[in-house]
Amino acid sequence: MKPTTYTDEQRLLYDPFDGDEGDISCRAVKIRTAKKEHPCFGGASRGQDGHTIKPGERYRHEKALIDGSFWGNYRLCLTCCDKWLAEMGIGDDSD
């Protein structure tokens with residue numbers, strides 16, 4: 001059975017851009033608590049509701065220099081992060 005929630009360690013190890021082509025450098029990934037409202041990359045990138053991360057909510061923040069030309073900043077609410085981990089079978093010990 002797949003867990004419904006994951007540890008922060010699992011959330012930080014997850015790479016939503018794995019397999020994408022591009023030169024990524026200066027990558028930093030953290031779990032943060034929002035001080036202001038931010039769009040969630042999870043909903044918008046998947047054609048879903050485009051919801052936001054509200055102040056006080058925890059989220060996964062990733063920033064990196066992409067192809068040496070621009071900084072990417074991506075915020076993913078923990079609910080979306082956990083959904084993606086479950087879809088990938090992370091933590092599924094039912095094999």
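Modeller: One term before we start: a salt bridge here is a side-chain nitrogen of Lys or Arg within 4 Å of a carboxyl oxygen of Asp or Glu. Also keep in mind that this is a predicted model.

Colleague: Okay, so which side chain meets aspartate 8 in a salt bridge?
Modeller: That is arginine 58, at 2.3 Å from N to O. The pair links distant parts of the chain, 50 residues apart: aspartate 8 belongs to helix H1 (residues 8-13) and arginine 58 to strand S4.

Colleague: And how many salt bridges does the structure hold?
Modeller: There are seven salt bridges in the structure.

Colleague: You mentioned S4. What is the strand order in its sheet?
Modeller: The order is S1-S4-S5, an open sheet of three strands with antiparallel pairing. S1 (24-33) and S5 are the edge strands, each pairing on one side only. On average, neighbouring strands are turned by 15 degrees against each other, ignoring direction.

Colleague: What holds paired strands together in general?
Modeller: Strands of a sheet pair through backbone hydrogen bonds.

Colleague: How many bridges are there between S4 and S5?
Modeller: Eight, in the antiparallel sense. Tyrosine 59 has cysteine 77 in S5 as its bridge partner, and isoleucine 66 stands opposite phenylalanine 70 in S5.

Colleague: What about the turn, how many residues sit between S4 and S5?
Modeller: Three, and the two strands form a hairpin. Aspartate 67 in that turn has a positive phi of about 50 degrees.

Colleague: Which strands does helix H3 lie across?
Modeller: Helix H3 (residues 78-87) lies across S1, S4 and S5, and runs at about 90 degrees to S5.

Colleague: Switching topic: what volume does the largest pocket have?
Modeller: About 160 Å³.

Colleague: Which strand gives the most to its lining?
Modeller: S4 does, with three residues. Strands S4 (58-66) and S5 (70-77) each supply at least two.

Terms used: Residues are numbered from 1 along each chain as its sequence is written. This is a predicted model: local features need pLDDT of at least 70, side-chain atom pairs count only at pLDDT 80 or more; totals for chains, interfaces and linings use all residues. Side-chain values use heavy atoms; hydrogens and water are left out. On a 1 Å grid over the protein atoms alone, a cavity is a set of points where a 1.4 Å probe fits but cannot get out, and a pocket is an open set with protein on both sides within 12 Å along at least five of seven lines; lining residues have an atom within 4 Å of a point. Grid points are joined across faces, edges and corners, and a volume is the space filled by probe spheres set on the points. Helices (H or I, at least four residues) and strands (E, at least two) are DSSP runs, numbered from the N terminus. Two strands pair if DSSP finds at least two bridges between them. Axes are lines fitted to C-alpha atoms, for helices over the stretch in contact, and angles run from 0 to 180 degrees between N-to-C directions. Contact means heavy atoms within 4.5 Å.
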